[in-house]
Amino acid sequence: MPAPQSPEPLPPHAVLMQLVFGKLVTQAVSVVARFKLADQMAAGPKTAAELASAAGLNANHLYRVLRALAGLGVLRAEGERFALTPVGEFLRSDVPGSMRAIATYVCDPWSWKPWGDLAGSVKAGAPVFDRMFGEGVFDYLAKHPDEAATFNEGMTGFSQQAAAAMLKAYDFTPFGTIVDVGGGHGAILRAVLGAAPNARGIVFDAPQVAAGADEPIRAAGLADRCKAEGGDFFRAVPAGGDLYILKHIIHDWNDAKATQILKSVRAAIPATGKLLLVEMVVPPGFAPHFAHVLDLEMMVVCDGKERTEQEYRELLAGAGFKLTRIVPTEGPHGLIEAEPV
C-alpha cells in the first residue's frame, strides 16, 4: 500500500485568510464551551438536535458551528453525530486542566470588546480596557462576580496545566512554608503541597478571590497545612515563607507596578528564602512562541507584558532580588528562580 500523501501546503493568500478569520474559530469554540456541549458529548456522540435541545439552542445554527469545528479537529463527525477529539476533550468541565472556562471568558464582552481596538492601543501606547470600561480589568472583575467566577475557573484550569509541568521540573520538598502570591483558588499550591508532604502553604489573593480557595483546600484534604489569606499584594504579603510563588502575576503589570509587587515580597521574605516566578519567558529571535501572542493580550487588556530573561533580571534587581536560574518546563512556562540580596 502506498504511503499516505501529506496535504499540499496552503498558498500564501489562503494562509493569510485563515489568520484574518481567526476570530470565527474563537467564537465557534466558545459556543461549545459556554453551553457545556462537551460535557454532553463526554457520554458519547450526539446529534446537533440532541445537543441543541438540552442547551436551548437552534439546532440548524448549532449544526453549522459543529460542522466547522469538526473540520478544524476540535470535534469529529460520526455520521450525523459529533464526538470529542483529544483537543475537544479539554472543553469538558471535569477534566484536569480544563479550558472550558477560558474558552468562555475570552468571548465575554469584557475580554472580547477591547480587542476590537488593538489599533488604538498601538497608536496610543496604552491598554484599551481602561479607556473602554473606565477602570482597570481587575477592578472591573472585582465588581462583576459572575464574570470573575468564570475568569477564576479558567485560571484554575490553566494553573492545573502549569502545575503538572512544574512538579516535573522543580523540587519543592526542601521548603517548609510556601506562599502562593496571587494564587487564586490555590490550584498551584495544592499540587505543590501534594508533592511536598512536609510543607505548609498560604494562598494569598484579593479577599473576594481568596475566599474561593477555602473549599478546594478542604476538598483536597489540606486544611491542616494550608490556608487562604486575603489582602493587597501592592501593600504587603504574608511574611516568613521559605518559598514565594507568583504564577502569571508579574506579566499582568507594567514595570513600575510589577516592581511594587516584588518589593512587597522582598519585605516579607527571609534572607534564606527563594522566589519563583512562573511565566512565559520571551525567547530570543522570532521563532513561534505563545509568549509573543500572549504579550498582545497583556498590552490590550492590562498594561502588562511578557518579558525576556534580561528584562526579568533587571526587574528583579530593581526590587532587591538576584535572578539565579531559569528552569525550563515541558510546557510554555519557565520557572524564574531568584534570591534576595
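This is a predicted model: local features need pLDDT of at least 70, side-chain atom pairs count only at pLDDT 80 or more; totals for chains, interfaces and linings use all residues.

Analyst: Residues are numbered from 1 along each chain as its sequence is written, and side-chain values use heavy atoms, with hydrogens and water left out.

User: Are H11 and H12 roughly parallel or roughly antiparallel to each other?
Analyst: The axes of H11 (residues 145-169) and H12 (residues 187-195) come within 8 Å and cross at roughly 30°. Axes are lines fitted to C-alpha atoms, for helices over the stretch in contact, with angles from 0 to 180 degrees between N-to-C directions. Angles under 35 degrees count as roughly parallel, over 145 as roughly antiparallel, 65 to 115 as roughly perpendicular and the rest as oblique. H11 and H12 are therefore roughly parallel.

User: Which salt bridge partner does Glu 153 have?
Analyst: A salt bridge is a side-chain nitrogen of Lys or Arg within 4 Å of a carboxyl oxygen of Asp or Glu. For Glu 153, the closest N and O atoms of the pair are 3.4 Å apart. Glu 153 lies in helix H11 and its partner in helix H6 (residues 100-105), so the pair ties together parts 53 residues apart in sequence. The partner is Arg 100.

User: Is Arg 100 buried or exposed?
Analyst: Buried means under 20% relative accessible area, exposed over 50%, partly exposed in between (1.4 Å probe, protein chains only). Arg 100 has a relative accessible area of 7%. That value makes Arg 100 buried.

User: Which residue forms a salt bridge with Arg 325?
Analyst: The closest N and O atoms of this pair are 3.0 Å apart. Arg 325 sits in strand E9 (residues 321-328) and its partner in strand E10 (residues 334-340), twelve residues apart. Helices (H or I, at least four residues) and strands (E, at least two) are DSSP runs, numbered from the N terminus. The partner is Glu 337.

User: Which residues does Ser 30 touch, not counting residues up to four places away in sequence?
Analyst: Ser 30 lies in helix H2 (residues 22-34). Ser 30 is buried, at 1% relative accessible area. With contact meaning heavy atoms within 4.5 Å, Ser 30 touches Ala 103, Thr 104 and Cys 107.
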